[in-house]
Each structure stands twice: as structure tokens, then as C-alpha cells.
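Here is a short report on one protein model.

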Amino acid sequence: MASTAGAPQWLRGIVKAVPSGDSLVIMGNTKTGIPQEKTITLSSLMAPKLAPRRGGADEPFAWESREYLRKLSIGKEVTFRVDYAVPAINREFGSVFLDNKNVASLVVAAGWARVREQGQQKGEVSPYLAELLRLEEQAKQQGLGRWNREPGASEAAIRDLPPSAVGDGGNFDAMALLASKKGSPLEAIVDQVRDGSTIRVYLLPEFQHVQVFVAGIQAPSAGRRAAAESVIATESPSGEQNGDSTTEARGPLTSAQRLAAGTGNMVEVPADPYGREAKHFTEIRVLHRDVRIVLEGVDKFSNLTGSVYYPDGDSAKDLAFELVEHGLAKYVEWSASLLEDEARRKLKTAELQAKKTRLRIWTNYVPPETNSKAIHDQNFTGKVIEVASADCVVVADDSLPFGDPNAERRVNLSSIRGPKMGNPRRDQKPDPYARDAKEFLRTRLIGRQVNVSMEYSRKVTFADGAASAAAGPADSRVMDFGSVFLIHPPKDGEDAAATGAAAQQTGANIAELLVARGFATVVRHRDFEERSNYYDALLSAESRAISGKKGMHSAKDPPVRHVTDLLTANAKRAKDFLPSLQRSRRMPAVVEYVLSGHRFKIDIPKATCSVAFSLSGVRCPGRGEPYSEEAIAFMRRRIMQRDVEIEVETADRTGTFLGTLWDNKTNVAIPLLEAGLAKLQTFGLDRIQDAHLLTQAEQSAKQKKLKIWENYVEGEDVPNDSGSTVERRQKKEELKVVVTEVLEGGKFYVQSVADQKVSAIQKQLSSLSLQDTPLIGAFNPKKGDIVLAQFSADKSWNRAMIVNTPRGVVESGNDKFEVFYIDYGNQEFVPFSELRPLEGSVSSAPGLAQLCSLAHIKVPGLEDDYGQEAAFRLSELLLSSAKEFKAVIEEKDTSAGKVKGQGTGTVFLVTLVDTEAETSINAILIQEGLARLEKRRRWEPKDKQQALDELTEVEEAAKKARLGMWEYGDIASDDEDNGPPARKPAAGKR
């Protein structure tokens, strides 16, 4: 309390409460700590007495008297002094001035209290008694306040209070009130503050006394006083700041009140840290003030749970939010669940901020460890070149030059989670709405300029769901998250409604658009986990999507689109689609992925299939060769996930379709050749559309010496060694080989005798000390991994590639893995118990087995006539003894890409010569009628023409003798391409 200058007996304070029409609770106006307070009864005045809280009738005009004084003085600064005290009733009487006006005089002049001329002791009188008596007489004459002489006025001014519901819920039907008023504001006056988040109020206009828990929060306990004080607080609160102003005898206590009083006699409970501060915070804002309560729920004791709003100037404030924001209450889920989403978000955000600043009850708070880290000042502008999933895009940074490996930045959209696309190779189907969400992003983002604001990074393990659940604990990566804004969003009514005010300056927030359409959900972050800077906007968008039943929130079945992925099927299945694709001629498609500069994964909606598609007659450098990555980057920026047109001409032996692809009516092979990132093939050029334009484009790149033509000299015949489908060389390469495995269709695997890597690998393997069977869960081989596997035929340990894994996690040592022995070409199923991990120094060396095919001839497959005879005869010629052969490499077919198992990878087309007998294996199969010549093409090289001429003579002799397949005369099929060889059980030479 502050002393008034020059008059020390006068004090200054703020009216905290008005218990009755003639008393006030005044507290000091200090802003540090909890101030002292005094209860002052106005000297020489007696106001009508209020009924007790438990129920009963007021004296006439008691409520009006108290309301006059409450509205006059609550929350206002006053000056006061104590005139006298009466120890017998523990009261202090004094004079109070508000704006230099005597409050007692104002009350008496309004007729709301009578003047008592003399107390029981001499001197117990107001120093302003004469003025008070004059004003009382004047009020009587005018019939003001309690002196109203109108008939029935006195009876009408008596409140008959219903029984209190506090401690005895049987007096009040709280459920009926909730049913009729849930969500609607109720007018009330706060009578008591039990603790920061629990108040007792009179509901207007019935004056029902109830206890209200503030929804969504819990303040620390304010403690409980000892027995004597508890009884005074319950039964004689006239000296208590929140009590009634009457000293009349009380009626009998209810059973619940006696129980509460009895509990108080037992123990005194100290306040929790900041419990008294929280109670004081609530008291100075709502005690004895008008509030609005929005009911949210009730408990079995008829206690109400609701949101409490108190006036603050021209606006209303949420008590729960204020307490949490000031660190005086915590968020509690059980009652917050009754609130609307927006209210819950505000409370959670306020609590998080209080925790970060360690405010009051959070002073000793230790934040949990988190795997996220904020990213500051990393904003950039770029063009979207790929939609990786429903919540991840790849953006080409405008500030970095084309070809820079860091130019393409993968951005995961902050704080949202989209449906997963699944993995066809693992038989994982897409989640509902996954395709719709990805298509939604593709149609709006691909090729568009965006602003990107990077916000945080997070270290995730593959077990988090980003990859295989079988991965080890060390398998982790760092993902960068940010917000992406479309600079010029499409004029779409729904999209415009989904963008918040925060995005109006930077563009449409893509994450918010996704969530608003029901194509993604908002991640519920843990405390202190980094999140989107627009998190509240995302939550609001999700609320709209849920209420509108959009997307994944809809009760309808999700749309289903069945797509046949021919990349995971065998070549025969792919070729089944060839006739229908050829008949369709030019048709719309979408480039799903750029596999290499000239080979792509294409989605054809009309045919409901995804295919491998390669540009006819155009080849880019292969993986690992100069300009390979630049060619891929060039095509990614030009056609990745764009709407294009294709025309299929044919299919190769691996099931890849060949043809022409147009982007915006431009043959994409032309700019690829003009950029010097591809070469034209020399054969079959007459079959290619726009052949003259392709030739001109390549010639332009040669003249400018771009990229792969940087060393080009005009007039010099430059060999095509840049990764084309079929490589030809002026000087043929010869190898001494041993055959290790024979497949069908004239294919087989060899090892080079001169390759010193063979002995080096064998030496490394022999030096390994093989441990016992690895523990299940500790060793988790994945598809494509190189491991050690025990070959079933001779129990030797060899390097092998995992081709297929069991479905789900490994449960026993008998679970089968399909493996491909990369040094021999065999393939078989091996149990988990016969697999071992392999050191990186051993596994990194390329496989020693090279896939070969007999050049210039066509050998029937196992399912064809004479196919089994041909395979048996070839095995007899190649595997019957440990014999060395000379392999003359006629061509190299690199169209199949890297090795993925038996029969895949680069194929050497060879003439295989038995050096002992000096005979050609190719010619022997032709001579015995077990193979036939391939169809001649125009403009064949002279060396090939000569070889074909020699083999033609041998074939004619077999036809005349009706040997093998010529038994019934000439055969009618001239098909050039067969499907890949069917796998056969592991066999062959070790």
C-alpha cells in the first residue's frame, strides 16, 4: 500500500473485490509480487445483508446495494484510511475516496445503505457522520434505493437463491443446462476464485451458484488453509475478501460441506509453486466481475467445464489463454478435447512459447531431445522439375548454373504428411488418394517458378517409414523441410480460398493447398520440435478439409486407377502390349522418370500402363561416362513429369519400347542432339521420324564442338562409344574366356581368363573368416545388396546379389532369398542361414561374369520348337570340359542398363570359337539346324555382311538336309526380337 504525501495515515490502493454493499477489499498497486490487501467496511454504514451462498433470501435491496458499490469501484484506484477497528468481529472500518469523492457519501446519497449514528464504543463513528446523516435524510425524502415507498418494491427486491451446487450436485441439474446451453455464452458474476483455473460463479439471472473449471488448462494448486481459517472461509466470510458481508447466524451445513470442513481440519496443504500467483492473476481479472462462460462439459459432481471470457476495454479476453501465456497454467488434453481446434492450437502455441522462455511454472523445464534443427536464412527461387511424392518436390535453384550437382534441391513440405505412393517392386500398393495428391501437385507445379523458404532439417532413420523396416539402426539420412510458394497460382476458387493472408505476399502455400483439398494431413509435432512457420494456417486448412469432408476425410471410397507397371514385368509381358500401342499411333503420355538421357519411364493413361521408353536412333552417354549426368539433368528439366506425346515403333529384347517423343510438338531428340549430349545411331536411320532434322541437329553440335563432340575433327570417323544401345568398333576385341553358365536362347556367361581380378577376388574370399549364422534383425540384406552366399551344388561361398527378398521381415533362418552369383552367372534361392554380410572392399568390385549371346544367329527359347535341344547342345559344347574359348566381340548391347539379376545388364554379342577344334560355336548350331540367321538389315558393315554370307552357306546346307528346325521345310517367322531368357535352376561350372 502506498502512503499519500503529507498525510501518512491515508493509503492508496485498488479495489479488488466488493463482498457487500458496505465493504470493499483493497489491495496495494505494486506490480511486483502479490500485494497486501485490506477489507474495509465503510464507517457508520449498514447495507442490507446478502443471503449465504448455500441458498436463502436476501434482505430487501441487498443485491442492488452490492451491485451499486461493485460497479462504482471494482478495479479502480482509491484512497482510504482506517477510522477505527472492532477486534471482537475482526473488522476494520474506514473512509474510502474515489476521484476525491467519499464512497460512503455516494452510497448513502443513492439510498443503498443506512447511517448508524454511534457504535458500541465511543469513537466508533465516521468523521463524516454529519454529512452522511444529511444525505440519508435527502435520500429518504426522494425515495431512493432502499427507501423506495412504492407498493411491492421491497418484496420485489428480495432474491431467493437456489441451493448452491458446490459440494452438493443434487441441488442442480447440470446436464440439462449443458444440453440446452452448450456452446452458447452464459452471463455470470464471479463470486470466488478457488485457484487460477477454478472459479465459483453466480449464473444469471437465476443466481445459481456453481463451480467452473476453465477448459483446456490446469493452474497450480493455491493450497488449503488450516481448520480454523477453513471454517471462517466457509461460514463467516465477512472478513474474507471473497465472503458475504453478513454476520447473521448460519444455517446447518450440508453433508458435502461438513465433509469439506472436516477435511480441512485434518491437514493444511501448502500451495504449489506459483499457485498463489496464478490465483491472484485470476482474481484481479475476474473476481466480482461480469464474465461470459461458454459451457463445454460437466462432471458427475455438477461442476461445469467451460471457456471464461472477461472484459478488457472494448474487447474480451480468454482467461485460459492469458494464464497459459503468462506461464501460470499448463495445457491439459482431457478438457482441451472439449474445445474447438482453433482454441486448442492457440493454447498449445502459448504453452510452447512459455516453455521456450521458461516462464514461471516452466522455470526449471528441460526440453526433450529432438531430431530436428532449424534452418535460417535459406530462401531461394527456382523451377519445380519433379514431384517426388505427395509431400516432396525437387526444385532447380535459379542461382546455380545448369549442370551443377547442387542445383537440384529436394524440398520436403514442412509439417504435413501425404499418402505414400508404395513400391511396386515390393508389392506395396499406393495409399488411398496418393496418386490424386501427386497428380494435384504435378499439374500445378511442374515447370512453374516457386519461392522456397527452408525451415528445418530432421534426421530420420529408414525405420521411420521412409524406407524398409528391415534396415539397421545406422541407416539414416537428413531431410530438409521448407514451405513452397507458387508465385503465380492458377485462378482456382478452391485454391484461392485455401491460401491464407500470410501467403498473399509470397504466393500460394503449396502445403496449405494440399491440406485444404484433403490430400495431406498436418503433423502433430512434439514440444520443441521445429515446424512450419505457417503451422496455424495449415491446421486451419485441415479443419476446413475435415468439415468439408474433402479427400481422405471423405466417407466415400477413394478413386482407384489400376496401372500395369511393365518395368517390373518380364519382356514377354511388355511385348503383349506392343500391337495395341502401335495401333494407337500418336498418343498422350506423362514422363514419370528420366532413367537416362534417352530412356524414360512413361505413364500412358489411355493404355493404363507404365512402360520403359527409349528414343529411336538416339543414344546418350551411359552411366559413369562423361556428360551422362548432364544429359539426364537436361532431360529432367525439359520433360520430367510433363504432359507429352509418344509414338511407339517397336520394342527391344528387354521389353523397352522404342519410338518418338514430342514435348509441345517438338521432337525432344532434336534439342538433345543440338546440345551435344547424344549421338545418332548409324543403322535403321531410314525408319526414324524426322531423321533429316535429327541429322541436322547432330551436325550443328559437331560444328560447335559441344559436349561429347568437343574433340570432333571434321572428316574423321569417330566411333560411337558414348553408351549407345549397340556399339561397333573398327577393330574387333577378342577375349580368352571360360564359360560358367548357359541360359536359353543362345545366351551364356563367361569369365575372362586374362582378367587378373578373378584370382584377386578368389584370394580375398578365401581369406575371409565366416562367422556363425548372423542374428535375425542385425543383418538385413536388401534388394541389390552384395552378400556372401553358399552355392547349393558345391557348398562354396561366393559373392551374390540379392534379387528378391521374402515378403515382410525375416522371421527364421529358412526364409528364402533369391540371389544372383555375380562372378559366375548362376541364380538360385538360398535360405537366410546361408547368407553372410560382405565387407565393402570385397563387394565393391564389379562382377566377373559377363553375359554373352551368339552373334548373327537366333537360337530358339526353351518354350519354342527345338529350344530344349538347342540349350542341351550348347551346354554340351560349352560345359562338358574345362575348355577355353576365344570370344570375338561383334557388338555390345547396353540397352538393359545395369545388372539386376540373371539375364540383365550389358550383353556382348560374340562369335565363340573353340580354339582346339578351330570351329565356331555359332556355325555349329546353324549347321545342326538348332539356330537360324538373323534378318539382314540395310547398310550392314562389310565385316558383318561377310560373316552373314559365310553362315548363310552353312544354313542352306542344313535346310537341304532337313536338319533340326528345318525338318518340315522353311519356317515363316522373321521376328527379330525375343523376350529375355527364362531363368533356369542354378547349374553350370564353378
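## A buried aspartate

D58 is buried: its relative accessible area is 5%, and the cut-off for buried is under 20%. The model is predicted. D58 sits in a loop, between β6 (56–57) and α1 (62–73).

Two polar partners stand out by name. The D58 side chain makes a polar contact with the side chain of R159, at 2.4 Å. The D58 side chain also reaches the backbone nitrogen of A51, at 2.5 Å. Leaving aside residues up to four places away in sequence, D58 touches K49, L50, A51, W63, I158 and R159.

## The protein overall

The protein has 990 residues, and 49% of them count as buried. Its secondary structure comprises 25 helices and 51 strands.

Among contacts with a separation of 6 or more, 67% come from residues 24 or more positions apart. The accessible surface is about 48000 Å². Carbon and sulfur atoms hold 49% of that surface.

In general, strands of a sheet pair through backbone hydrogen bonds. Here, β43 (residues 816–820) and β44 run antiparallel and are joined by 5 bridges. Across from F820 stands Q827 in β44.

Key. Residues are numbered from 1 along each chain as its sequence is written. This is a predicted model: local features need pLDDT of at least 70, side-chain atom pairs count only at pLDDT 80 or more; totals for chains, interfaces and linings use all residues. Side-chain values use heavy atoms; hydrogens and water are left out. Helices (H or I, at least four residues) and strands (E, at least two) are DSSP runs, numbered from the N terminus. Buried means under 20% relative accessible area, exposed over 50%, partly exposed in between (1.4 Å probe, protein chains only). Contact means heavy atoms within 4.5 Å. Accessible areas come from the Shrake-Rupley method with a 1.4 Å probe; for residues, only the protein chains shown count as cover. A polar contact is a pair of N or O atoms within 3.5 Å; within protein, one must be able to donate a hydrogen and the other to accept it, and residues adjacent in sequence count only if both atoms are side-chain atoms. Two strands pair if DSSP finds at least two bridges between them.
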